[in-house]
Amino acid sequence: MGYLCSRQDLLPRILPMKVVITGCNGRVGRRVVKLALERGHTVLGVDVAQPLPSQDPWLSNPEYNFKHADLTNFDVVLDLLAGSDAVITLAACPNPGDFKVNTHNGNVIISWNILRACAELGIDRVAQASSVNVMTMCFSQRPRLYYFPIDELHPCEPDEPYGLSKVISEMQADTIVRRYESMKIASLRLSWSIPDKLIAKKHPESRAKDLWAYVQEDSAAQAFILAIEDNGKWSGHERFLIAAPHTAVDEDTMSLIAEHFPDVPVKEGKELVGTQGLFDCSKAERLLGWYHSDELAQR
């Protein structure tokens, strides 16, 4: 399928880098690999799952290599990252699993190993996958929402292990940049990442817990690339919400709030018009130059 615009049209040019992408065989990870190669970067993909070359033809690109690895081993991580210019990490359990220990423990160990290895090796450009579930979203028992639209300053009070692991990974990044001040770490709080908005339009009655939000996965991939391709507008560790600017449903947003969240106020000075989304991604627009698009080619 082709469109008038491409991912390349929306990104500035930059010198090629050696980029490690962990979680490279996941749904978003695969699109990050593809875009990084299109941008001229040399890519090492790392995952505990094996790739499917017939599904992703770009994996035959000579600038791409894949390694199967257990990222809970710090020495393995050090060896994998050595010599790279930037790291994009999406390696994680993507949900709470049985809501016990595996997701929390695995995610927290992997995120620390990667961040600490980057510090040890002098790798200053890092983008890590966080999640809107640092707040109380679809995996939580009930919402704890304080205002709309939600921005990066909203309280993070998860009641489940996946969201907690992402809060901890962000705290790890805060800790790392205090000691290693040259590092730039972006924690990208992704909404539900999907290839097509039509998927998110289904079953709207059950989508209230994630605020009817989504992000087209190629747009999500763009955010990761922009986060490592330094534009000089930010430093240290920054959190960025990454979601489409509109909900996936046709109902007026203020009507949705009135029906499902009547006690949650709209912030003073903010106005929600039409199907405008309940996540404020203006920080990503301002500092990363990121804009969401549903019309990026899925090739």
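## Close-up views of the model

**Figure 1. Asp210 is in contact with Met137, Cys138, Trp192 and Phe279, leaving aside its neighbours within four places in sequence.** Contact means heavy atoms within 4.5 Å. The model is predicted: local features need pLDDT of at least 70 and side-chain atom pairs count only at pLDDT 80 or more, while totals for chains, interfaces and linings use all residues. Residues are numbered from 1 along each chain as its sequence is written, and side-chain values use heavy atoms, with hydrogens and water left out. Asp210 is found in the loop between α5 (197–201) and β8 (215–216); helices (H or I, at least four residues) and strands (E, at least two) are DSSP runs, numbered from the N terminus. With a relative accessibility of 15%, Asp210 counts as buried. Buried means under 20% relative accessible area, exposed over 50%, and partly exposed in between (1.4 Å probe, protein chains only).

**Figure 2. Glu160 is a buried residue of the loop between β5 and α4.** The relative accessible area of Glu160 is 4%. Not counting residues up to four places away in sequence, Glu160 touches Pro96, Phe99, Asn133, Phe139 and Ser140. A polar atom of the Glu160 side chain lies 3.0 Å from the backbone nitrogen of Gly163. The C-alpha atoms of Glu160 and Asn95 are 9.5 Å apart in space, with the two residues 65 apart in sequence.

**Figure 3. Strand β1 (residues 18–22) pairs in the parallel sense with strand β2 (residues 42–47) over 5 bridges and with strand β4 (residues 86–89) over 4 bridges.** Two strands pair if DSSP finds at least two bridges between them. Of the 5 residues of β1, 4 are buried, so this strand is largely enclosed by the rest of the structure. On the β2 side, Lys18 has Thr42 as its bridge partner. On the β4 side, Ile21 is partnered by Ile88, and Val20 stands opposite Val87. Together with helix α1 (residues 27–38), β1 and β2 make a right-handed β-α-β unit; a crossover is right-handed if, with the strands pointing away from the viewer, the path from the first strand over the helix to the second runs clockwise.

**Figure 4. Strand β4 has buried residues pointing both ways.** Ala86 and Ile88 point one way, Val87 and Thr89 the other, and all are buried. In a regular strand the side chains alternate between the two faces of the sheet. β4 also pairs with β5 in the parallel sense over 4 bridges, where Val87 has Val126 as its bridge partner. Between β4 and β5 the chain passes through helix α3 (residues 102–121) in a right-handed β-α-β crossover.

**Figure 5. Arg30 is a residue of helix α1.** Arg30 is buried, at 18% relative accessible area. Beyond residues up to four places away in sequence, Arg30 touches Cys24, Asn25, Gln55, Asp56 and Trp58.

**Figure 6. Glu170, Asp174, Arg189 and Arg239 are linked in a network of salt bridges.** A salt bridge is a side-chain nitrogen of Lys or Arg within 4 Å of a carboxyl oxygen of Asp or Glu. Arg239 and Glu170 meet at 2.8 Å, N to O. Arg239 lies in strand β9 (residues 236–242) and Glu170 in helix α4, so this pair ties together parts that are 69 residues apart in sequence. Both Arg239 and Glu170 are buried. Asp174 and Arg239 meet at 2.6 Å, N to O. Asp174 and Arg239 are both buried.

**Figure 7. Arg144 forms a salt bridge with Asp159, with 3.8 Å between the closest N and O atoms.** Arg144 and Asp159 are 15 residues apart, each in the loop between β5 (125–131) and α4 (161–179). Both are partly exposed: Arg144 has a relative accessible area of 26%, and Asp159 has one of 33%. The structure holds 16 salt bridges.

**Figure 8. The chain has a mean pLDDT of 93, and 94% of its residues reach 70 or more.** Over residues 1–7 the pLDDT is below 50, and this stretch has 19 contacts in the model beyond near neighbours in sequence. pLDDT is the predictor's confidence in each residue, from 0 to 100. Where pLDDT is low, the predicted coordinates should not be read in detail.

Definitions and conventions:
A polar contact is a pair of N or O atoms within 3.5 Å; within protein, one must be able to donate a hydrogen and the other to accept it, and residues adjacent in sequence count only if both atoms are side-chain atoms.
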